[in-house]
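Hi everyone, thanks for coming. Let me put the structure up on the screen, and then we'll walk through a few parts of it together.

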Amino acid sequence: MTDIEKYILRIADTTLILSQRLSEWCSKGPSLEEDIALSNISLDLLGQANGLLEYVSKLNGEISPDEYAFKRDEREFYNFQICEIENGHFGDTIMRQFLIDIYFKLYYQELEKSKDETLSALATKSLKEVSYHLRHSSNWVIRLGDGTQESKDKIQKSLNNIWKYTGEFFEMDELDKKMLEEKIGVNNKNLKKDWDKLVDETLNMAKLKRPEDGYMMTGSRKGIHTEMLGKILSEMQYLPRAYPDAKW
Amino acid sequence: MQEQLFQKKIDAEQKIEPKDWMPEGYRSHLIRQISQHAHSEIIGMQPEGNWITRAPSLRAKMILLAKVQDEAGHGLYLYSACETLGISRNELNCQLHQGKAKYSSIFNYPTLSWADMGAIGWLVDGAAIVNQVSLQKTSYGPYSRGMIKICKEESFHQRQGYEIMSEMANGTKEQKEMAQDALNRFWWPSIMMFGPHDSDSPRTGNAMKWKIKRKTNDELRQDFIDKTVAQAELIGLKIPDPDLKWNEERGSYDFGEIDWDEFWDVVNGKGPCNEQRLNHHIKAHEDGEWVRKAAKAYAEKQNS
Amino acid sequence: MEATIWEVFIQSKNGLAHKHVGNIHAEDKEMALQNARDLYTRRNEGSCIWVVKSEYIVSSVPEDEESFFDPSNDKVYRHPTFYKMPDGSKHI
């Protein structure tokens, strides 16, 4: 696998696995309106994943987008670990979405400047969707944070619990550095300052307390995941793996 | 006097709007019919939503997700139309949870394989389309406009289903068996969707007089069967009805007798998934209570 | 606990008038706009959305129909087709 393929798979897998988690909300939302909103976000992310996987597939020349999605094992997936944790309650899902939406916004804004035209175009398209998602998730963070005492307690806990997964957003390993050098990739470390600022803005409006930085989960860039990913993939990949000759 | 004017409007194919005078029977019939329709869309999200995470290709996943999202949307259009008749969505939810409201019995069957996604799109949405096209001309304005919007969106649903069935019927041996099995399980429940025989349907009289309904149960059922048999034959699948036969004189298919015991059992709560569907709906509603309360509390703080 | 209902009006294309499409539930105007967008513009049917709390809609009632609208019916001289133009006249 070439460097650029591996690099693109990180964001492709992130959007794919997050989309998969969000799709589990179907028919379980706190209102019909939210059911539609969450499946709308899931669909957008799936579209982003599809666009990115089609590009990797084109670069690779042999493996199809579906094969990337349905035939790789856990150790070959490079999504952020934050995507694979369980949905929990609505507050847990919203807090995760909020934190990653801000990351996506900043990441795609930088990826737009990529020397790689396809990545740049994909970033531009995705940015429109991300700004809508962020509007939705930040609105909810504020309403839950500044709603009832019960909602405040719940969403504060969501924030505290998920904080340790946000470190991965800003890591720079050898591959990141190489892609940055070639003016294809993004300087993730540089995103942190703006990410902090935007997160704090909303947390203030939501009257929530930003958690202290502590131990940060890591490893997804090397294909190291939580125990959750295996279960997601078992479910997601079951049909194509059970019927390898079938076309769907 | 008002009743006469009302009936005159109906007979002249004019629409009745929310602020118009209407007989209490007309209002209550509509509330029951529209809410049943709305509940069906929402409950229908469950059997289909069951397979989103297991869709076998990226394209299939996208399409199914979009379809189920549409169902939620359709439910919302219909609840919205129903609310214009003076009942709240909350009350409608309560009726559903207390078992006082019905929804299409087809959704009380489980989805056991991916081919069921094909069968549901093709047959269930197909049956719904036959019914809905007819309802576009219903006399109540908001309901009619809702149906027109829904019909525009519905046709991709049926195509999605038929495409799945067609691919599988022409795929591997296992795929073909899966597709035939799905058809075998969903055929009879699909034609049961049109309800009891006209002769056993006491409300049909008023519904036709008030132009709430434009065609009878049996008419719609025959319509659906005539359209669908050819579609099955085209892709090499067999309808599980030994009495199915083309009747040259009528220009329609003769078909076997429906198992009315099964029909009434499932309608009355004794189907394979009735309890599961309702419990799922109740749980989602209860789990979301704290969220809805928070939204309201936040809004009140802004207004004060 | 009843949710608040909002009526939704969509302008499908720049230059056209907003059209009423139905209603949605939401607790505040920001969520109302989002919910309306998600429900009514999935197929690109909109360039602008208005949401108005249902309680603020003022409607004429059917009883008014005759007195409100009939009088305009017999003033045919308000319509251009009422007038006879000489044959051959242009731009008028």
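Between chain B and chain C, the count is one salt bridge. Please keep in mind that this is a predicted model. Which residues make that salt bridge? They are K296(B) and E27(C), and their closest N and O atoms sit 3.2 Å apart.

Where on chain B does the side touching chain C come from?

Five residue pairs are in polar contact between chain B and chain C, with both partners at pLDDT 80 or more. For chain B and chain C, the buried area is about 1,800 Å², and carbon and sulfur atoms give 50% of that.

Now, on to the largest nonpolar core. It holds 177 residues, and the ones touching the most other members are M95(A), Y108(A), W195(A), Y26(B) and W114(B). Helix α4 of chain A, residues 90-111, brings the largest share of this core, with 13 residues.

Let's finish with W114(B). Leaving aside residues up to four places away in sequence, W114(B) touches L239(A) and W248(A) from chain A, and its chain B contacts include W51(B), P56(B), I164(B) and M178(B).

Note on methods. Residues numbered from 1 in each chain as written. Chains lettered and ligands numbered in written order. Predicted model: local features only at pLDDT ≥ 70, side-chain atom pairs only at ≥ 80, totals over all residues. Heavy atoms only, no water. Buried area = accessible area lost by both parts, 1.4 Å probe. Salt bridge = Lys/Arg side-chain N within 4 Å of Asp/Glu carboxyl O. Polar contact = N/O pair within 3.5 Å; in protein donor to acceptor, adjacent residues only side chain to side chain. Core = buried A, V, L, I, M, F, W, Y, C linked by side-chain atoms within 4.5 Å. Buried < 20%, exposed > 50% of the residue type's maximum accessible area, 1.4 Å probe, protein only. Helix = DSSP H or I, 4+ residues; strand = E, 2+ residues; numbered from the N terminus. Contact = heavy atoms within 4.5 Å.
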